[in-house]
Each structure stands twice: as structure tokens, then as C-alpha cells.
Amino acid sequence: MLKVLVTGGAGFIGSHIVDLLIQKGYEVVVVDNLVTGSKSNVNAHAVFYEVDILHPQIDEVIKKEAPEVILHQAALVFVQQSIKDPLADGTVNTIGTLNLLRSAHLNNVGRFIYASTCAVYGDAQGRVATEDDPVSPISFYGASKYMGEMYVRLFYDLYKLDYTILRYANVYGPRQQPHGEGGVIPIFMQNMKKEISPTIFGTGLQSRDFIYVQDVATANLLAIAKGKQQTLNIGTGVATSIYDLHQHINEILGRNLPAQYKPELMGDVKHIALNPERAQKELNWKTGYSLKKGLAETAAVYDSMD
Ligand SMILES: NC(=O)c1ccc[n+]([C@@H]2O[C@H](COP(=O)([O-])OP(=O)(O)OC[C@H]3O[C@@H](n4cnc5c(N)ncnc54)[C@H](O)[C@@H]3O)[C@@H](O)[C@H]2O)c1
């Protein structure tokens, strides 16, 4: 079975990918510096290296482990933090990606799968974005993730390092911390479980495409075998307003809590949804979770931790 190295495998999305890979019989190596991830998320069957993707030690790990595939999930994902301190996430998300690509090339890794984001599109203004839509990030985070995409494409153009770029919509599910992209769901759930009214920034009419983490893990698994030099949206195509999200969570938790409203945040897009047709065609991937099903599963996991 293939050996796969997952960066960010101690984080939210990476750890679910690792679990799925191990379940399917892959050999898995995890690289994570635990800046936001947690050792307790790392599957016991994975080999774990606490290493920063910016550090030259990355070379030694890749040389020693000789993975056939790298799934690059490690990043700083705080949109608001990127506005305050663009250098921090710019460095990890661009130079860190470059350091990995360089090492992958030097050590003859066969394929590189890159976790990108809907934030590269900026505000889709009511459209369901396709991969051919213009890229126009409105946060430093979105810009840094797009820079990573460009490096990935260049390593193919110059050195034939095979790649797939997966642009995730707003991912949610168990183990998500309330700080990153899509963090609205753990914030709302954790507060509303404690009978605390959630805060909505802006009118509540802004909308997002929420995708369950298990569907994202499946897309990564399929990309290992099928994707070739493609950029693919990984979303549901459905835009849900934050107002409606709040109502769904009230329903699932059996609450009737009103929201408090505060002014909108800088760098927050108003509307985004991703058209998933290309990923469906190229990877034979489809979502297995409606928002209600994914929210119910997430709430059940939170309940089991109480
Ligand atoms: N969560 C979302 O909704 C979402 C949406 C679109 C794209 N993404 C992308 O998915 C990926 C995973 O995001 P997540 O939500 O799981 O975030 P996360 O913070 O839970 O996971 C990121 C992981 O990367 C690790 N990491 C950060 N900097 C590192 C470094 N310098 N060296 C080594 N490890 C480092 C962290 O410790 C953490 O374990 C990111 O690339 C992100 O840009 C996430």
C-alpha cells in the first residue's frame, strides 16, 4: 500500500484524512508542529513527527520516510488573524508550502495534493463559483493560499511534480476549533449548548457553503488515485445564510435562542458557494452529508464528550 505523508495531520481536517487513510490500509506519516493541532488528534497507527514545515528538518523527514504522496493540509487558517498579522500566515502558507514542494521534488515524491480554499475567490456575489471564475481574495489568508497554488502549479510546469489542488468550501465537523475558516459552527454549537446566544457579525444574510469534514477526507483519498493536474472545488453548491445556520442549530439542539448582532468583520466574504461538478466528474466524488445530517453528527460527538 502507498505511503502518504499528511502535513497538518494533528489538526481538524488533516486528522480526519489520516483516520480515513489508515482505515483504507495506507501507511501514514504525519508532520505537524502542533501550533493549533493536538497530539491527541493523531491516529495511533500513524508515524508522527513534530516538525515545522518551514524548518530544514522537513528534508530529513521526507528523505527518511520516502512517501509516494504528500497531502499538504498544514496552514495558518485564522482569517481575522491574517488581517492583523499578514506576515505570520503569509510565511507559513507560502514559504512553508514552497519548502515542502522543494523537498518533495528533491526526494522524488510522486504526487502533491494541496488543500486550498474558497477564500481564493473572494466574494462570489451570489454566484456559485466554478474553477474558471476569477481569483480575487479579500483577506491575506486567501492571498497566501492562492500563492501556494501557484507554487504547486509551477513545480509541475518546471519539474513534473504531479498535483491536485482541492479548493475546500467552509468545512465543519468534530475536532474543529472555533478559530479558523468555518469556525462559526463550533462557536455557535458550544455557546448554544450552554444556553448562550450566539453573535452574528453583519446582517446574518451573508452565506457560506458548509461541507462536512468526512466528505473532504473522501475527496483527498480519491485525489490520490484519480486527480491529475487539476484544480477542483470541494463544496456542496448550496449557500446557507448565517441566519439559517443559527436556526438549524437551534433545531438540532432543541433550543430557541435569539442571536445578538454586531458589525460585520473586515475580510469576511458576503456570499460564497462552490460548484462541485468538476470534482464529481474527475474524482467520481460526491457529498454524502446534507447540512442537517452533518450538524446532527457534529452535535452528537459534542454530546458524547460532555
Ligand atoms: N477549515 C476550513 O473550513 C477550511 C476551508 C478551506 C480550506 N482549509 C484548509 O484546510 C487545511 C486544514 O485546515 P484546518 O481547518 O484543519 O486547520 P487546523 O488549524 O485545524 O489544522 C492545521 C494544522 O496545521 C498545523 N500547522 C500549522 N502551521 C504549521 C507549521 N508551520 N508546520 C507544521 N504544522 C503546522 C497545525 O498545528 C494544525 O494541526 C488548511 O490548509 C486550510 O487552509 C480549511
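A nitrogen atom of the ligand lies 2.9 Å from an N or O atom in the side chain of Asp-52. This value, like the others in this report, comes from a predicted model. Further polar distances to the ligand involve Gly-11, through a polar backbone atom, and Lys-145, through an N or O atom of the side chain.

| Residue | Part of the residue | Ligand atom | Distance |
|---|---|---|---|
| Asp-52 | side-chain N or O atom | nitrogen | 2.9 Å |
| Gly-11 | polar backbone atom | oxygen | 3.0 Å |
| Lys-145 | side-chain N or O atom | oxygen | 2.7 Å |

On its own, the ligand has 820 Å² of accessible area, and the protein covers 98% of that area.

The fold as a whole may be described next. The chain contains ten helices and 13 strands. Its C-alpha atoms occupy a box of roughly 55 × 40 × 40 Å along the principal axes. For 306 residues, a compact globule would have a radius of gyration near 19 Å; the chain has 18 Å and therefore agrees with that expectation.

Seven strands form an open sheet with parallel pairing, in the order β3-β2-β1-β4-β5-β6-β11. The edge positions are taken by β3 (47–49) and β11 (230–234); each has a single partner strand, so one side of each is left without a neighbour in the sheet. On average, neighbouring strands of this sheet are turned by 20 degrees against each other, direction ignored. In general, the strands of a sheet pair through backbone hydrogen bonds, in either parallel or antiparallel fashion.

Within the sheet, strand β5 (residues 111–117) and strand β6 (residues 162–168) run parallel and are joined by seven bridges. Phe-112 has Tyr-163 as its bridge partner in β6. Helix α5 (residues 140–159) packs on the sheet and touches β5, β6 and β11. The direction of α5 makes about 160 degrees with that of β5.

A further local feature concerns Ser-197. This residue is located in the loop between α6 (184–193) and β8 (199–201).

Conventions
Residues are numbered from 1 along each chain as its sequence is written. This is a predicted model: local features need pLDDT of at least 70, side-chain atom pairs count only at pLDDT 80 or more; totals for chains, interfaces and linings use all residues. Side-chain values use heavy atoms; hydrogens and water are left out. Helices (H or I, at least four residues) and strands (E, at least two) are DSSP runs, numbered from the N terminus. Two strands pair if DSSP finds at least two bridges between them. Axes are lines fitted to C-alpha atoms, for helices over the stretch in contact, and angles run from 0 to 180 degrees between N-to-C directions. Contact means heavy atoms within 4.5 Å. A polar contact is a pair of N or O atoms within 3.5 Å; within protein, one must be able to donate a hydrogen and the other to accept it, and residues adjacent in sequence count only if both atoms are side-chain atoms. Accessible areas come from the Shrake-Rupley method with a 1.4 Å probe; for residues, only the protein chains shown count as cover. The radius of gyration is taken over C-alpha atoms; the globule rule is 2.2 Å times the number of residues to the power 0.38.
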